Structure formats: structure tokens, C-alpha cells
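Here are my notes on this one, as numbered points. Have the coordinates open while you read.

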Amino acid sequence: EFSNVILLNKIDLVSEVEGDKLEALLRALNPSARVIRTKNSEVALTEVISTGRFSFEEASRSAGWLQSLQEETPHTPETEEYGIGSFVF
């Protein structure tokens, strides 16, 4: 819902048309974010760390963020809702 920089990774695995569609979707969902197309997550750290793009004021006005806090029913974490898990060897 809220991010300043979005990495569109593994872009080499889709056609240019599919990549353009994915990027358009991301821009529609988050028009102020910078979208960076990457392969193997290769990106300069300066592109994602200390970018100066974060605004606490803007984040605090995010409608979904406020709505989630004000809901009477508790939020179901995505890990539970979609069965997402992780493990480490």
C-alpha cells in the first residue's frame, strides 16, 4: 500500500509488454513510488537506502493505514490470510 521505491525484479523473465503492464499496475496502485526494473535484484544501494523520499506526514495520511487502525474487527495478517510462511535452513 505504501512504499517509496518498488523493485520490479526478474523483469528479464517476462516480455517487454508484460513488464510494461506490471509497471503500469504498480504505478496505478502507488503513483508516487519510484519503480526500478531489476534482474537478480541488482540495484545500487543508494537507490533504495536513504533516498530522502519518505514523508511521515504523507504516510500518516494513507487511507488504508488509517482505516486499518480504526476497524472494529482485527486485521488478519497476510501471512495467515494467504498462507505465507518462511523458513531458514
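**Notes on a predicted model**

1. Starting with an arginine: R27 is partly exposed, because its relative accessible area is 35%. (Buried means under 20% relative accessible area, exposed over 50%, and partly exposed in between, with a 1.4 Å probe and protein chains only.) This is a predicted model, so local features need pLDDT of at least 70 and side-chain atom pairs count only at pLDDT 80 or more, while totals for chains, interfaces and linings use all residues. Residues are numbered from 1 along each chain as its sequence is written, and side-chain values use heavy atoms, with hydrogens and water left out.

2. Which residue does R27 form a salt bridge with? The partner is E23, and the closest N and O atoms are 2.7 Å apart. (A salt bridge here is a side-chain nitrogen of Lys or Arg within 4 Å of a carboxyl oxygen of Asp or Glu.) The two residues are four apart in helix α1, so about one helical turn separates R27 and E23. For the labels: helices (H or I, at least four residues) and strands (E, at least two) are DSSP runs, numbered from the N terminus.

3. Is E23 buried or exposed? E23 is buried, since its relative accessible area is 14%. E23 also forms a salt bridge with R37, where the closest N and O atoms are 2.6 Å apart. That pair links distant parts of the chain, with E23 in helix α1 and R37 in strand β2, 14 residues apart. R37 itself counts as partly exposed, because its relative accessibility is 33%.

4. The E23 surroundings are worth a look too. Leaving out residues up to four places away in sequence, E23 touches L8, V35 and R37.

5. How many salt bridges does the structure hold? There are four. One of them joins the side chains of E47 and R34, at 2.0 Å from N to O. E47 lies in the loop between β2 and α2 and R34 in strand β2, so this pair ties together parts that are 13 residues apart in sequence. E47 is partly exposed, because its relative accessible area is 26%, and R34 counts as partly exposed as well, at 36% relative accessibility. As for the network, salt bridges that share partners join D20, E23, R27 and R37.

6. Now the strands. β1 (residues 5-8) and β2 (residues 34-37) pair in the parallel sense over four bridges. (Two strands pair if DSSP finds at least two bridges between them.) From β1 the chain crosses through helix α1 (residues 16-29) to β2, and this β-α-β crossover is right-handed. (That is, with the strands pointing away from the viewer, the path from the first strand over the helix to the second runs clockwise.) Within the pairing, L7 stands opposite I36 in β2.

7. Last, T38, which lies in the loop between β2 and α2 (56-60). T38 counts as buried, because its relative accessibility is 2%. Its side chain makes a polar contact with the side chain of N9, at 2.8 Å. Not counting residues up to four places away in sequence, T38 touches L7, L8, N9, K10, I11 and V43.

Note on methods
Polar contact = N/O pair within 3.5 Å; in protein donor to acceptor, adjacent residues only side chain to side chain. Contact = heavy atoms within 4.5 Å.
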